[in-house]
Amino acid sequence: MNAHAVAQSLQPLRDVATALQVRALRDSNASAEKTAAVLKRVRDEVFTYRHTAEALVAKVDRSPRLCAGVLALLANRVAYSRVDYDLFDEIVDKEFMAQASTYISAQMAKVIGILPEYEIVEVFEMVHAYESIDDANFYLTHCDTITKLDSLLAAAQTPIAQKSIYLAIAALTLAGLIPTAVLISPLLAIPWAIAGVVAWLVYRAAQQRHADTIKRTTALCADSNRVRFLQARFHTKELAKRELESHKRTVKAFFGDMSPSSHLSGIFAVIQMHINIE
């Protein structure tokens, strides 16, 4: 079992290629090449999950507990990919996808079934913690950006407000321009006209700068909806940090020694080296 395959098997859920992505490309009439590339990625990832599961099951006697934990993570990734029989055209692909999903789920249930109750609890606590680590990291990475974006959006003028300000500038300009031109001198009205134009240009430039700042800030976080969802869960950065550390401790405790010198060998040693819990 090579290290790359293990690393791919343990990638965060948000990095997993899904059937939804393929269908979105098909619905948007994307190029056949682009759609085929994502479809191939889905197929290759499920193949990797199945291959990793087979390597684990072959050595299950070395550590049924670790085997059950990783099989549960693989089952999560297969479920998240939302692969079904209708996604592929070739019968061989359809059959492989169905068999891979069934195999991983069945082996997970089989291995969990031989564990004592307290180890079953540890398995599902680890799975929850492992999947939650990416959520916490993602939130901590992007929460400041979303806070800034919310402030910018709150300070942005609505189209109605902008129109009202433009009308106010025009009204004030005309209020000074007409009396000056009629009662004093047309020449003295010129500064009023210039002042009105300058005020309009300054306000418009300020609004454009604000809009550009919103656009740049939005681009810093590709999934603002996910951050807002996590905001409701974590509430503050401090709580997110505390939860992150708690999840890391749970995963470390489950997998044990993270060093290459671990007493376990083969597939389990490779897995331990790719957990990447700092």
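Guide: Let us begin with burial: a residue counts as buried when its relative accessible area is under 20%, as exposed when over 50%, and as partly exposed in between. In this predicted model, buried residues make up 38% of the 278 residues in the protein chain.

Visitor: What elements does the protein chain contain?

Guide: The chain has 11 helices and 0 strands. Read from the N terminus, the elements accordingly run α-α-α-α-α-α-α-α-α-α-α. Among contacts between residues at least 6 apart in sequence, 80% join residues at least 24 apart.

Visitor: What makes α2 roughly antiparallel to α3?

Guide: Helix α2 (residues 19–27) packs against α3 at an angle of about 170 degrees, with the two axes 9 Å apart. Angles over 145 degrees count as roughly antiparallel, and α2 is therefore roughly antiparallel to α3. The residues that form the contact are Q21, V22, L25 and R26 on α2, and K34, T35, V38, L39 and V42 on α3. By class, the contact of α2 with α3 comprises 5 nonpolar, 2 polar and 2 charged residues.

Visitor: Which term describes the packing of α3 and α4, and why?

Guide: Helix α3 (residues 32–58) and helix α4 (residues 64–81) meet at an angle of about 165 degrees, their axes being 10 Å apart. This value is also set against the limit of 145 degrees, so α3 is roughly antiparallel to α4. The contact involves V46, Y49, T52, A53, L56 and V57 of α3, together with C67, V70, L71, L74, R77, V78 and S81 of α4. These residues of the contact of α3 with α4 divide into 10 nonpolar, 2 polar and 1 charged. The crossing of α3 past α4 is left-handed.

Visitor: Where is R82 found, and is R82 buried or partly exposed?

Guide: R82 is found in the loop between α4 and α5. Its relative accessibility is 44%, a value between the limits of 20% and 50%, so R82 counts as partly exposed. R82 likewise has a positive phi, about 55 degrees, although it is not a glycine.

Visitor: Why is D86 called exposed?

Guide: The relative accessibility of D86 is 61%, which is over 50%, and D86 therefore counts as exposed. D86 lies in the loop between α4 and α5 (91–113). The C-alpha atoms of D86 and A19 are 10.0 Å apart, although the two residues are separated by 67 residues along the chain.

Visitor: How many aromatic pairs are found in the whole structure? Why is the pair of Y139 and F234 called tilted?

Guide: A search of the whole structure finds 3 aromatic pairs. In one of them, the ring centres of Y139 and F234 are 5.3 Å apart and the planes stand at 40 degrees; this angle falls between the limits of 30 and 60 degrees, so the pair is tilted. Y139 belongs to helix α6 (residues 117–155) and F234 to helix α9 (residues 224–234), so that the pair links parts of the chain 95 residues apart. With a relative accessible area of 2%, Y139 is buried, and F234, at 1%, counts as buried.

Visitor: Why is the pair of F254 and F255 called edge-to-face?

Guide: The rings of F254 and F255 have centres 5.1 Å apart and planes at 75 degrees; an angle over 60 degrees counts as edge-to-face, and the pair is therefore given that name. F254 and F255 are buried.

Notes
Residues are numbered from 1 along each chain as its sequence is written. This is a predicted model: local features need pLDDT of at least 70, side-chain atom pairs count only at pLDDT 80 or more; totals for chains, interfaces and linings use all residues. Side-chain values use heavy atoms; hydrogens and water are left out. Axes are lines fitted to C-alpha atoms, for helices over the stretch in contact, and angles run from 0 to 180 degrees between N-to-C directions. Helices (H or I, at least four residues) and strands (E, at least two) are DSSP runs, numbered from the N terminus. Angles under 35 degrees count as roughly parallel, over 145 as roughly antiparallel, 65 to 115 as roughly perpendicular and the rest as oblique. A crossing is left-handed if the near helix is turned anticlockwise from the far one by less than a right angle, and right-handed if clockwise. Contact means heavy atoms within 4.5 Å. Ala, Val, Leu, Ile, Met, Phe, Trp, Tyr, Cys and Pro count as nonpolar, Asp, Glu, Lys and Arg as charged, and the others, Gly among them, as polar. Buried means under 20% relative accessible area, exposed over 50%, partly exposed in between (1.4 Å probe, protein chains only). Rings of Phe, Tyr and Trp (its six-membered ring) pair if their centres lie within 6.5 Å; planes under 30 degrees apart count as stacked, over 60 as edge-to-face and the rest as tilted.
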